[in-house]
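Trainee: I should like to learn how the terms used for a protein model follow from their definitions. May we take one model and go through it together?

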Amino acid sequence: MAYLTDKLMLSVNGAAMLCANAGSTGAPVAMPSETTLQNYPNPFNPATRIEFTLPTAAHVRLEVFNILGQRVETLLDGDMPQGYHAVEWDAGRYAGGVYLYRITAGDVVTTRKMLLLKLRHCED
């Protein structure tokens, strides 16, 4: 167990990123034993929170791709400490559809899919 505190940082492109290694009470939190990746909510409109864990400090690259495999955004590209992390992705400027997000952390590469729903307003 480790006693760590929350900290707010900015990624290279200005997206807010939270490194949450402990609850707001400062209670001990077990460090992750493997790299994990998920987003919430999914489906989403227009923003989602991509969360990941690192069992050890690593150089992390977090990228978003469209369904054709074209990179639409790099959310993070830098050294990260061990622990729990989250990045908010605001996809308001992108078309609705399926997107893939990929984390590369050291020699671990994980890809997941997410669904951006865009609602169209119909006028009579």
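Mentor: Let us begin with strand 5 (residues 58-66), where seven of the nine residues are buried, and the strand is mostly covered. Buried means under 20% relative accessible area, exposed means over 50%, and partly exposed lies in between, with a 1.4 Å probe and protein chains only. Strands are DSSP runs of E with at least two residues, helices are runs of H or I with at least four, and both are numbered from the N terminus. This is a predicted model, in which local features need pLDDT of at least 70 and side-chain atom pairs count only at pLDDT 80 or more, while totals for chains, interfaces and linings use all residues. Residues are numbered from 1 along each chain as its sequence is written, and side-chain values use heavy atoms, leaving out hydrogens and water.

Trainee: What makes strand 5 and strand 6 a pair?

Mentor: Two strands pair if DSSP finds at least two bridges between them. Strand 5 and strand 6 (residues 71-80) have eight bridges in the antiparallel sense, so they meet the definition. One of the bridge partners is Gly78 in strand 6, which faces Val60. The two strands form a hairpin with four residues between them, and Gly69 in the turn has a positive phi of about 90 degrees.

Trainee: How many bridges join strand 5 to strand 8?

Mentor: Seven bridges join strand 5 to strand 8 (residues 97-105), and the two run antiparallel. In strand 8, Leu100 is the bridge partner of Phe65.

**Aromatic rings**

Trainee: Why is the pair of Trp89 and Tyr94 called tilted?

Mentor: Rings of Phe, Tyr and Trp (its six-membered ring) pair if their centres lie within 6.5 Å; planes under 30 degrees apart count as stacked, over 60 as edge-to-face and the rest as tilted. By this rule there are four aromatic pairs. The centres of Trp89 and Tyr94 are 5.6 Å apart and their planes are at 35 degrees, so the pair is tilted. Ring pairs link Phe44, Trp89, Tyr94 and Tyr99 into a cluster.

Trainee: Why does Tyr94 count as buried?

Mentor: Tyr94 counts as buried because its relative accessibility is 14%. Trp89 is buried as well, with a relative accessible area of 1%.

**Confidence**

Trainee: Over which residues does pLDDT stay under 50?

Mentor: pLDDT, the predictor's confidence in each residue from 0 to 100, stays under 50 over residues 1-18. Where pLDDT is low, the predicted coordinates should not be read in detail. For the protein chain, the mean pLDDT is 81, and 72% of the residues reach 70 or more.

Terms used:
Contact = heavy atoms within 4.5 Å.
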